[in-house]
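Please look at the sequence and the structure before reading on.

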Amino acid sequence: MNPTLKSIHDRKSARVFLDLPVSAGYKEQLFQAAFAAPSAGCQQLYTILDITDPERKAKLAELCDHQPFIVTAPVVLVFLADCARWPQVYREAGCQPRSAGAGDLLLAVADACIAAQNVVIAAESLGLASCYIGDILENKEQVCQELELPEGVVPAAMLVIGWPARSQQQRRKPARFAKKYLVAENAYPKRTPQEHRAALEERAARDGNETFDFDAWVQAFEKRKYDSDFSREMSRSAAEYLKDFLK
């Protein structure tokens, strides 16, 4: 396994950071890694917000499902799917651009997330740890006000980055699903109930969970994640963002 692959496999989310700054030089390397990411038509359909204001960090921590570790993270980046910038460029050149549609948004979200993942890998290579904050999609109205987002701009991803505490370095990375459950050839697979059950049981076994109860675990997970208040709020906010692209 080469160093790049090892870095990808070793990487795990961190939510506790040392009280040490990330130098301007390191941050610049993270940004340059983002800019080097693949992009649709080399448009770079994203804007990155570097959140340095402590009060704004605290506000985002509350809006993102009350996660205080966001406040103490040395680096907080919000990757915006930006469907507003290029239409401004088109108008400057005398064009009359159409309104951005759902396809434009999906393309911009992909651009933003690809750039974010480049930052994750770059951070890992520098000894930094990171964590995605999916909750940035929640509370659309308050987030738009806090970040002064215009119509056509959607927060696609948020990253917190810093020097990992020892507890995070030593924490075991959760096992992933086996390849056969995630990869299919040519067409979407028709999974049987038994295959779903076996996939989770196999993953739990590799995680060292010898008492895994499929039904109990899935029921609890569904309540904690899929049917949770934050998940419902995320879907509500996402639908509000989409309204601007479905006119």
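Predicted model: local features only at pLDDT ≥ 70, side-chain atom pairs only at ≥ 80, totals over all residues.

Reader: Are H2 and H6 oblique or roughly parallel to each other, and why?

Author: Helices (H or I, at least four residues) and strands (E, at least two) are DSSP runs numbered from the N terminus. Axes are lines fitted to C-alpha atoms, for helices over the stretch in contact, and angles run from 0 to 180 degrees between N-to-C directions. Helix H2 (residues 24–35) and helix H6 (residues 102–125) have axes 7 Å apart and pack at an angle of about 140 degrees. Angles under 35 degrees count as roughly parallel, over 145 as roughly antiparallel, 65 to 115 as roughly perpendicular and the rest as oblique, so H2 and H6 are oblique.

Reader: Which residues of H2 and H6 make the contact?

Author: Contact means heavy atoms within 4.5 Å. On the H6 side the contact is made by Ala115, Asn118, Val119, Ala122 and Ala123, and on the H2 side by Leu30, Ala33 and Ala34.

Reader: How many nonpolar residues does the contact of H2 with H6 have?

Author: Ala, Val, Leu, Ile, Met, Phe, Trp, Tyr, Cys and Pro count as nonpolar, Asp, Glu, Lys and Arg as charged, and the others, Gly among them, as polar. By these classes the contact of H2 with H6 has no charged residues, one polar residue and seven nonpolar residues.

Reader: How do the residues of the contact of H7 with H12 divide by class?

Author: Helix H7 (residues 140–147) and helix H12 (residues 229–243) pack at an angle of about 60 degrees, with axes 9 Å apart. That makes H7 oblique to H12. Lys140, Glu141, Val143 and Cys144 of H7 meet Glu233, Arg236, Ser237, Glu240 and Tyr241 of H12. The residues of this contact divide into three nonpolar, one polar and five charged.

Reader: Is Glu233 buried or exposed?

Author: Glu233 lies in helix H12 and, leaving aside its neighbours within four places in sequence, is in contact with Glu138, Asn139 and Lys140. Buried means under 20% relative accessible area, exposed over 50%, and partly exposed in between (1.4 Å probe, protein chains only). The relative accessible area of Glu233 is 17%, so Glu233 is buried.

Reader: How are H1 and H6 placed relative to each other?

Author: Ser7, Ile8 and Asp10 of H1 make the contact with Ile121, Glu124 and Ser125 of H6. The axes of H1 and H6 are 10 Å apart, and the angle is about 105 degrees. H1 and H6 are therefore roughly perpendicular.

Reader: What is the phi of Cys42?

Author: Most residues other than glycine have a negative phi. Cys42 lies in the loop between H2 and strand S1 (46–50) and is exposed, with a relative accessible area of 61%. Cys42 has a positive phi, near 55 degrees.

Reader: What is the separation of the C-alpha atoms of Leu107 and Leu45?

Author: Leu107 is found in helix H6 and is partly exposed, with a relative accessible area of 41%. Leaving aside neighbours within four places in sequence, Leu107 is in contact with Ala40 and Leu45. Leu107 and Leu45 are 62 residues apart along the chain, and their C-alpha atoms are separated by 7.7 Å.

Notes
Residues numbered from 1 in each chain as written. Heavy atoms only, no water.
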